[in-house]
Each structure stands twice: as C-alpha cells, then as structure tokens.
Amino acid sequence: MSKSDQPPEPAEEHANPLAVLAGVVHRAQWRSALRVCAICALAVLLVSLGIAVNCRRAIEQRLAGLAVEIAEEVFDTGSHGRLLLYAHPKLFTYTPELDWPSRLSEQRARLGQLQSLDSLTANFEQGLLSARFESAPNSVSYRISSRFGTGPAVVEIVFAEKGSEWLVAQLRIESEALKL
C-alpha cells in the first residue's frame with residue numbers, strides 16, 4: 001500500500017481522546033469554580049450591605065431620640081447641658097460656647113412655652129470618601145416640627161460624625177417669632 005492509500009494520521013489534538021476530554025472537564029471545572037466564587041462574592045456583598053443598612057438604621061434611631069431629648073431639654077426645661085455635652089466644634093463657629101446659654105434663653109423667651117413636638121424628619125448624608133478623608137464627613141439632619149406659644153416652628157439639629165462619635169454641629173430654629 002502506498003502512502004497515499006493510507007488514511008491520514010490523526011491530528012495531535014485528536015490523537016488522545018482522553019486528553020481532549022480532560023481539557024473539556026478542566027474548562028468546565030474552571031467555569032464552575034468561577035461561578036462559585038462569583039456567588040460567594042455576591043453573598044458577602046449582600047451580607048455587608050445588610051449590616052451597613054442595620055447600622056445606619058440604629059444610628060438614625062439613636063440620634064433621632066437624642067435630637068428630641070435635646071429639643072425638649074432646651075425649649076421645655078430651659079437647660080442646655082445635653083446640647084453642650086454633645087457639641088461638635090462646628091457648633092461654636094458663629095456663636096461661642098459661653099454665649100449659647102444666653103442665646104437659647106433669648107430664643108425661648110421670643111418663642112414662648114413649648115407646647116408640642118409634632119413630627120420628626122431625617123436626612124442622612126454620607127460623604128463618598130468619609131472613611132479616608134476628613135473633608136467628607138457624614139451628617140444627619142433632623143427637622144422637628146414644633147408648636148410654641150407664639151406659633152409653629154421648626155427646630156433643626158444637625159449631627160456630624162467626628163471619629164466614632166456623633167455630635168451636634170448645628171442648632172437652628174425657623175419661626176416667624178424669631179424673624180421680628
């Protein structure tokens with residue numbers, strides 16, 4: 001038989017069917033391992049997101065209670081101890097610490113007796129790079145709709161994160177009685 005009459009030699013890749021099968025199995029295992037890794041990464045991401053949401057919710061609830069306590073203390077009892085205890089340095093930017101008691105007393109006199117704290121709304125702002133840079137802090141703003149002897153008012157208390165603490169960075173009151 002001449003060489004031309006003989007069937008051609010199988011190509012290298014088809015020479016050993018077990019090697020071809022091993023390559024297919026290897027690729028399938030690789031894809032399977034990638035899928036498992038992707039599923040695990042997604043699970044870790046979802047658990048982390050859930051923890052972050054719960055932490056944020058706990059912080060918001062704690063600070064909401066503190067905002068109401070501070071508003072009641074300042075405008076109902078006339079005390080300012082809790083406000084100054086939780087004061088962020090930003091609180092004293094425009095009003096020095098020693099002037100706060102007289103400022104609050106004047107505002108209470110102009111607003112009249114606190115009659116009710118009606119509703120509370122929150123606005124949580126998280127800086128994009130807050131964990132790494134001091135220039136992008138987290139803050140939570142609470143607006144408390146209130147009723148005083150002279151009419152309605154909105155008390156706004158802004159908390160800013162400083163290290164691991166949340167401190168009062170601003171206290172504002174919006175009322176027609178204070179505009180006169």
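These legends walk through several views of one predicted model.

View 1. Welcome to the fold: the chain has five helices and four strands. Of the 180 residues, 27% count as buried. The chain exposes about 12300 Å², and carbon and sulfur atoms supply 58% of that area. Among contacts between residues at least 6 apart in sequence, 52% join residues at least 24 apart.

**View 2. Four strands line up in an open sheet.** The strand order is β1-β2-β3-β4, with antiparallel pairing. Which strands form the edges? They are β1 and β4, each of which pairs on one side only. From one strand to the next, the twist averages 20°.

**View 3. β3 meets β4, and a helix packs on the sheet.** β3 and β4 pair in the antiparallel sense over 10 bridges. Look for K162, whose bridge partner in β4 is E165. Here, too, α4 packs on the sheet, where this helix touches β2, β3 and β4. The direction of α4 makes about 35° with that of β4.

View 4. In soluble globular proteins, nonpolar side chains tend to be buried together. In this model, the largest nonpolar core holds 30 residues, and L83, V155, I157, F159 and L171 touch the most other members. At least two core residues come from each of α2 (17-77), α4 (100-111), β1 (114-125), β2 (139-148), β3 (151-162), β4 (165-175) and α5 (176-179). Which element gives the largest share of this core? That is α2, with eight residues.

View 5. Leaving aside residues up to four places away in sequence, L83 touches the following:
- I70, E73 and V74, among others;
- L91, W100 and L104, also among its contacts;
- V168 and L171, which complete the set.

L83 is also one of the residues that touch the most other members of the largest nonpolar core.

View 6. The structure holds zero disulfides. C37 is in no disulfide, and the nearest cysteine sulfur to its own belongs to C40. Is C40 buried or partly exposed? C40 counts as partly exposed because its relative accessibility is 43%, a value between the limits of 20% and 50%.

Note on methods: Residues are numbered from 1 along each chain as its sequence is written. This is a predicted model: local features need pLDDT of at least 70, side-chain atom pairs count only at pLDDT 80 or more; totals for chains, interfaces and linings use all residues. Side-chain values use heavy atoms; hydrogens and water are left out. A nonpolar core is a set of buried Ala, Val, Leu, Ile, Met, Phe, Trp, Tyr and Cys residues joined through side-chain atoms within 4.5 Å. Buried means under 20% relative accessible area, exposed over 50%, partly exposed in between (1.4 Å probe, protein chains only). Contact means heavy atoms within 4.5 Å. Accessible areas come from the Shrake-Rupley method with a 1.4 Å probe; for residues, only the protein chains shown count as cover. Two strands pair if DSSP finds at least two bridges between them. Axes are lines fitted to C-alpha atoms, for helices over the stretch in contact, and angles run from 0 to 180 degrees between N-to-C directions. A disulfide is a pair of cysteine sulfur atoms within 2.5 Å.
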